[in-house]
Amino acid sequence: MYKITVMGDRDSIYGFAAIGLDTYPIAITDDTSAAVRKLRELIESEYAVIYITEALAEKMEEEIDRYRDVRLPAIIPIPGVSGNTGMGMKMVKKSVEKAVGSDILFRD
Amino acid sequence: MAAKHVNPTRMELTNLKRKLVVALRGHRLLKDKRDELMRQFLELVQENRKLRQQVEEGINAANKNFALASAVMQNETLKTAFLTPKQEVTLEVGKKNIMSVEIPVFTYQTRTSDPNDIYSYGYAITSGDLDSAVKSLADILPLMLELAEKEKACQMMAAEIEKTRRRVNALEHVVIPEMQENIKYITMKLDENERSTQVRLMKVKDMLLEQEYQYSKRYMADG
């Protein structure tokens with residue numbers, strides 16, 4: 001039995017509590033050690049899907065990339081209140097680049 | 001020139017030939033695997049992209065609703081409204097095998113059976129905007145889960161494709177040419193040995209005949 005969680009700044013994520021997801025508000029600063037520690041803690045526990053606001057995900061991209069190839073958890077960037085940063089699409093793009101060798105889908 | 005030393009023996013040659021057959025077959029299979037993985041990956045990644053666009057639009061819309069709600073409500077009221085969520089989502093994680101990549105499949109269950117039973121607050125002190133905000137978020141949840149599933153599948157398949165491509169390339173450009181080189185080297189060495197044995201035998205035969213009949217002396221005498 002797994003659960004779903006949302007990480008990010010409080011304003012972006014408090015709504016998800018209403019629909020039954022666990023929320024972990026994290027202040028977005030340049031010092032990501034607290035966020036990274038929290039993320040690892042969440043991965044260790046029962047969470048299979050972790051949504052992270054793009055603003056936060058951008059800061060800890062390296063940490064998130066470490067979990068790309070493993071089956072669980074799925075770490076998915078979502079837009080926050082501050083809007084769309086394009087981080088989520090960048091992750092999809094990265095998959096394409098890894099598989100094909102160059103970006104063949106997003107050239108517009 | 002062979003990269004590493006091989007014994008130029010017939011046994012080694014047979015072994016190498018057998019290995020080459022296996023390597024060639026492996027190469028062909030891996031190449032097929034790579035092509036099929038790539039085909040499925042490209043399909044999946046297109047779906048992934050569309051889904052992401054949808055989800056991002058949905059969440060942005062929901063965020064706008066929440067901004068609206070928080071504008072007309074006091075911050076404290078807003079906070080208390082979500083303190084005790086009614087709904088709880090749990091996940092079952094299954095797995096699906098696509099070309100030997102085990103991708104996760106998420107099926108979710110909600111604690112309350114009624115999907116509209118999500119409002120964890122009294123309606124008296126909260127604004128109607130909050131209701132629609134929560135509703136818009138609840139509507140996007142199935143899509144979000146589907147996105148999580150697809151995106152993870154894409155990431156895992158990308159990793160598998162990379163691995164397979166490396167294997168194909170290693171076989172094609174290193175292992176197979178090296179084996180062919182070694183086989184050629186052994187064949188030539190064996191041929192060379194055979195020729196030198198032949199020459200030696202002919203020479204020995206000459207010498208034996210010479211000893212028996214002393215041709216050279218007879219020629220001299222006839223001379």
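A residue is buried if 20 or more other C-beta atoms lie within 10 Å of its own, exposed if 12 or fewer, and partly exposed in between, with C-beta atoms placed from the backbone. By this criterion, 24% of the 223 residues of chain B count as buried. In chain A, buried residues make up 42% of 108.

The model is predicted: local features need pLDDT of at least 70, side-chain atom pairs count only at pLDDT 80 or more, and totals for chains, interfaces and linings use all residues. Residues are numbered from 1 along each chain as its sequence is written, while chains are lettered from A and ligands numbered from 1 in the order in which they are written. pLDDT is the predictor's confidence in each residue, from 0 to 100. Chain B averages 87 on this scale, and 95% of its residues score at least 70. For the complex, the predictor gives an ipTM of 0.88 and a pTM of 0.82.

Secondary structure was taken from DSSP runs, numbered from the N terminus: helices are H or I of at least four residues, strands are E of at least two. Chain A has five helices and four strands. Their order along the sequence is β-α-β-α-β-α-α-β-α. Chain B has four helices and two strands. Its pattern is α-α-β-β-α-α. The radius of gyration of chain B is 39 Å, well over the 17 Å that the globule rule gives for 223 residues, so chain B is more spread out than a compact globule. This radius is taken over C-alpha atoms, and the rule is 2.2 Å times the number of residues to the power 0.38. The C-alpha atoms of chain B fill a box of roughly 140 × 25 × 25 Å along the principal axes.

Two residues are in contact if their C-beta atoms, placed from the backbone, lie within 7 Å. Among contacts in chain B with a separation of 6 or more, 83% join residues 24 or more positions apart. For chain A, 58% of the contacts between residues at least 6 apart in sequence join residues at least 24 apart.

The contact between the chains takes 46 residues from chain B and 32 residues from chain A. On the chain B side, α1, β1, β2 (101-110) and α3 each give two or more residues. α3(B) gives the most, with 18 residues. By class, this side has 29 nonpolar, eight polar and nine charged residues. Here Ala, Val, Leu, Ile, Met, Phe, Trp, Tyr, Cys and Pro count as nonpolar, Asp, Glu, Lys and Arg as charged, and the others, Gly among them, as polar.

Strand pairing also links the chains. Two strands pair if DSSP finds at least two bridges between them. β1(A) and β1(B) run antiparallel and are joined by two bridges. Tyr2(A) has Leu91(B) as its bridge partner, and Lys3(A) stands opposite Thr90(B). Within chain A, β1(A) pairs with β3(A) in the parallel sense over five bridges. Four bridges join β1(A) to β2(A) (residues 22-25), again parallel. Met7(A) stands opposite Ile52(A) in β3(A) and has Tyr24(A) as its bridge partner in β2(A). β1(A) is mostly covered, with five of its seven residues buried.

A nonpolar core is a set of buried Ala, Val, Leu, Ile, Met, Phe, Trp, Tyr and Cys residues joined through C-beta atoms within 7 Å. The largest core has 45 residues; Ile19(A), Val49(A), Ile76(A) and Leu137(B) touch the most other members. Elements supplying at least two residues each are β1 (2-8), α2 (33-44), β3 (47-53), α3 (54-59) and β4 (74-78) of chain A, together with α1 (10-72), β1 (89-98) and α3 (128-213) of chain B. The largest share, eleven residues, comes from α3(B). Leaving aside neighbours within four places in sequence, Leu137(B) is in contact with Gly15(A), Phe16(A), Ala18(A), Ile19(A) and Ala62(B). A second, separate core of 15 residues includes Met91(A), Val92(A), Ala99(A) and Ala158(B).
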